[in-house]
Every structure is written in structure tokens, then in C-alpha cells.
Amino acid sequence: MKLEEFIDACGKQGLELSSQQIQQYCRYAELLKEWNQKMNLTAIVEFEEVLDKHFYDSLLPSFTTEISGHLCDVGSGAGFPSIPLKIAYPELKITILEPLKKRVLFLEEVKHELGLDGVHCLDVRAEDYAVKNRETFDVVTARAVANLNMLAELCIPLVKKGGIFLAMKGSSGNEEHASALQAVTKLGCVLEKVETRTLLDGSSRINLFYRKEKETPKGYPRMFAKIKKNPL
């Protein structure tokens with residue numbers, strides 16, 4: 001995806017990018033490539049691939065669903081989907097949970113270089129953060145972090161009642177939903193919709209939107225070792 005194609009594709013979805021936003025995306029891509037030489041951030045660093053597989057992919061859910069308020073990005077890695085969403089929708093408040101401190105250093109640099117306000121980057125695990133921050137966020141996202149039956153327990157306790165848990169998956173999304181249905185229900189969410197999209201290279205993306213209808217029972221999330229050993 002060339003830069004002009006990225007701008008045009010966003011425009012066709014109703015997202016008109018300003019020159020400042022375009023510059024922010026370009027600088028973000030530069031920082032990804034620069035920092036990837038000294039730490040493992042992503043296997044995708046070439047500009048046109050970054051535009052399609054990282055930036056456009058991160059924006060896909062926002063084209064059909066309003067992503068607003070306070071968003072928490074669990075296991076963000078190099079900042080996906082939260083940083084591309086923040087660039088596109090500057091009014092979003094973002095909290096990024098990324099347990100690897102060196103990646104948080106990268107995210108802080110991105111935040112500084114791009115002049116992004118209202119972005120908080122924390123080197124903490126989701127299950128630890130949830131101890132004092134349950135039911136806090138309007139939207140909780142996770143992209144390619146873990147299988148959904150484990151991911152649900154890490155993310156859903158952070159979602160406020162009425163909010164959205166957005167699980168961004170590849171082609172296995174529907175199968176993961178089926179295996180995680182019991183966990184999702186127990187933690188207080190229902191599936192609101194499933195969106196299947198195709199990137200320019202033909203790869204499939206399945207985005208699962210869960211609505212939080214009930215408070216998550218106390219006792220969840222458990223520590224990660226327990227979640228991994230015995231998923232809900």
C-alpha cells in the first residue's frame with residue numbers, strides 16, 4: 001500500500017487525514033524501522049507494508065464503530081492498534097499496557113516525536129493493572145496477543161459496563177470465538193458483531209466486538225500462570 005493508497009483508502013471510509021496526521025504516520029513508520037535495528041519490535045518494517053499491515057489494519061474497526069473515550073491497549077507491542085487510532089482520532093485518551101520496558105521506551109519516544117497528548121504508556125501486565133483499575137475503560141483492545149480464551153480474562157475485567165472489548169484477530173478469529181464463548185460469557189460480555197476484512201495483500205482480518213453487559217465476577221483476572229495452565 002503506497003502512501004497515496006493509504007490516504008485514499010482512509011478517505012473512502014470517511015476518515016480524511018490532515019497533512020499533520022500524514023506526517024505523524026510517516027514519522028511513526030521511520031521510528032519503527034530505526035528502533036527495530038536495536039530491538040525486536042516487528043517483522044514488518046518496510047514502509048508500504050507498515051501502512052497496510054499495521055496502520056490500516058489498526059484503523060479498520062473504527063470505520064464501522066465509533067472508538068471514543070478512554071481506550072486501553074493490552075500487550076500493545078510497538079503500539080498497535082492504539083497509536084494509529086490516536087493519530088486518526090486525537091481526542092481519544094489512550095492507556096497502553098506493555099510488560100516489556102524496552103518497548104515502553106520506544107512508545108514514549110513515539111509519543112514525544114509525534115506530539116501525542118493523552119497517551120500513558122505503562123510497563124505492567126494487564127492482570128496486575130486490573131487489581132486497582134477494574135471496569136475503567138470504554139474500549140479495551142488487543143491485537144495478536146494470545147488465544148482469545150486467555151485474552152478475554154486479561155481484557156474484559158478492565159472494560160466498564162456498557163463498554164467494548166475489541167479482539168483483533170487473523171483468519172482464526174471465528175474458531176477462537178467459539179472456543180472462548182464460555183469464558184467471554186462468564187466474564188460479563190456478549191458478542192455484538194464480527195467483521196471480516198481483507199488487506200491489500202489478501203490476508204484476512206477478523207475483528208470481534210464484545211459488549212460488556214455485566215460486571216466481571218471478583219477473582220478475575222487470575223495470575224497469568226493460572227490463566228495459561230487452566231483457561232476458562
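**Entry 1: A146**

I started at A146 and listed its contacts beyond four places in sequence: L151, K169 and E176. The model is predicted, so I kept that in mind throughout. I then looked up where A146 sits. It is in the loop between β4 and α7, the latter covering residues 148–155. Is A146 buried or exposed? The relative accessible area of A146 is 18%. Buried means under 20%, so A146 counts as buried. I also took one C-alpha distance. A146 and E91 are 55 residues apart along the chain, and their C-alpha atoms are separated by 29 Å.

Strand β4 covers residues 137–143. How many of its seven residues are buried? I found six, which leaves β4 mostly covered.

Next came the pairing. Strand β1, residues 70–74, pairs with β4 in the parallel sense, over three bridges. I picked out C72 and found its bridge partner in β4 to be V140. Strand β5, residues 159–169, also runs parallel to β4, and six bridges join the two. Here I noted T141, which stands opposite L166 of β5.

**Entry 2: A167**

I stayed in β5 and checked A167, which is found in that strand. What is the relative accessibility of A167? I read 0%, so A167 counts as buried. I listed its contacts, leaving aside neighbours within four places in sequence. They are A142, L148, I206, N207, L208 and Y210. I compared this list with β7, whose range is 204–212. I206, N207, L208 and Y210 carry numbers within that range. I also logged a C-alpha separation of 9.2 Å between A167 and C155, which are 12 residues apart along the chain.

**Entry 3: E195**

Which side chains make polar contacts with the side chain of E195? I found T64 at 2.3 Å. I also found K193 at 3.2 Å. I then listed what E195 touches, not counting residues up to four places away in sequence. The list reads P61, T64, R205, I206, N207 and F209.

**Entry 4: helix α3**

I moved to α3, which spans 47–59. Of its 13 residues, 10 are buried, so the helix is largely enclosed by the rest of the structure. Which residues of α3 are buried? They are V50, L51, D52, K53, H54, F55, Y56, D57, S58 and L59. What covers them includes the helices α1, α2 and α4, and the strands β4, β5 and β7.

**Entry 5: the nonpolar cores**

The largest nonpolar core has 45 residues, and F6, Y28, F55 and F106 have the most contacts inside it. I looked up which elements give two or more residues to this core. They are α1 (3–12), α2 (19–36), α3 (47–59), α4 (82–88), β2 (93–97), α5 (101–114) and β3 (119–122). The largest share comes from α2, with seven residues.

Beyond four places in sequence, its contacts are F55, A78, G79, F80, I83, P84, I87, F106, V110 and L114. F55 and F106 are therefore contacts of Y28 by the 4.5 Å cut-off. A second, separate core has 30 residues, among them L97, L151, F165 and L187. L151 is one I had already noted as a contact of A146.

**Entry 6: the whole protein**

I counted nine helices and seven strands. For 232 residues, a compact globule would have a radius of gyration near 17 Å; the protein has 17 Å, which agrees. Along its principal axes, the C-alpha trace spans about 45 × 35 × 30 Å.

I then checked burial: 53% of the 232 residues count as buried. The accessible surface comes to about 10400 Å², and 50% of this belongs to carbon and sulfur atoms. Last, I looked at contact range. Among contacts between residues at least 6 apart in sequence, 69% join residues at least 24 apart.

Terms used: Residues are numbered from 1 along each chain as its sequence is written. This is a predicted model: local features need pLDDT of at least 70, side-chain atom pairs count only at pLDDT 80 or more; totals for chains, interfaces and linings use all residues. Side-chain values use heavy atoms; hydrogens and water are left out. A polar contact is a pair of N or O atoms within 3.5 Å; within protein, one must be able to donate a hydrogen and the other to accept it, and residues adjacent in sequence count only if both atoms are side-chain atoms. A nonpolar core is a set of buried Ala, Val, Leu, Ile, Met, Phe, Trp, Tyr and Cys residues joined through side-chain atoms within 4.5 Å. Buried means under 20% relative accessible area, exposed over 50%, partly exposed in between (1.4 Å probe, protein chains only). Helices (H or I, at least four residues) and strands (E, at least two) are DSSP runs, numbered from the N terminus. The radius of gyration is taken over C-alpha atoms; the globule rule is 2.2 Å times the number of residues to the power 0.38. Accessible areas come from the Shrake-Rupley method with a 1.4 Å probe; for residues, only the protein chains shown count as cover. Two strands pair if DSSP finds at least two bridges between them.
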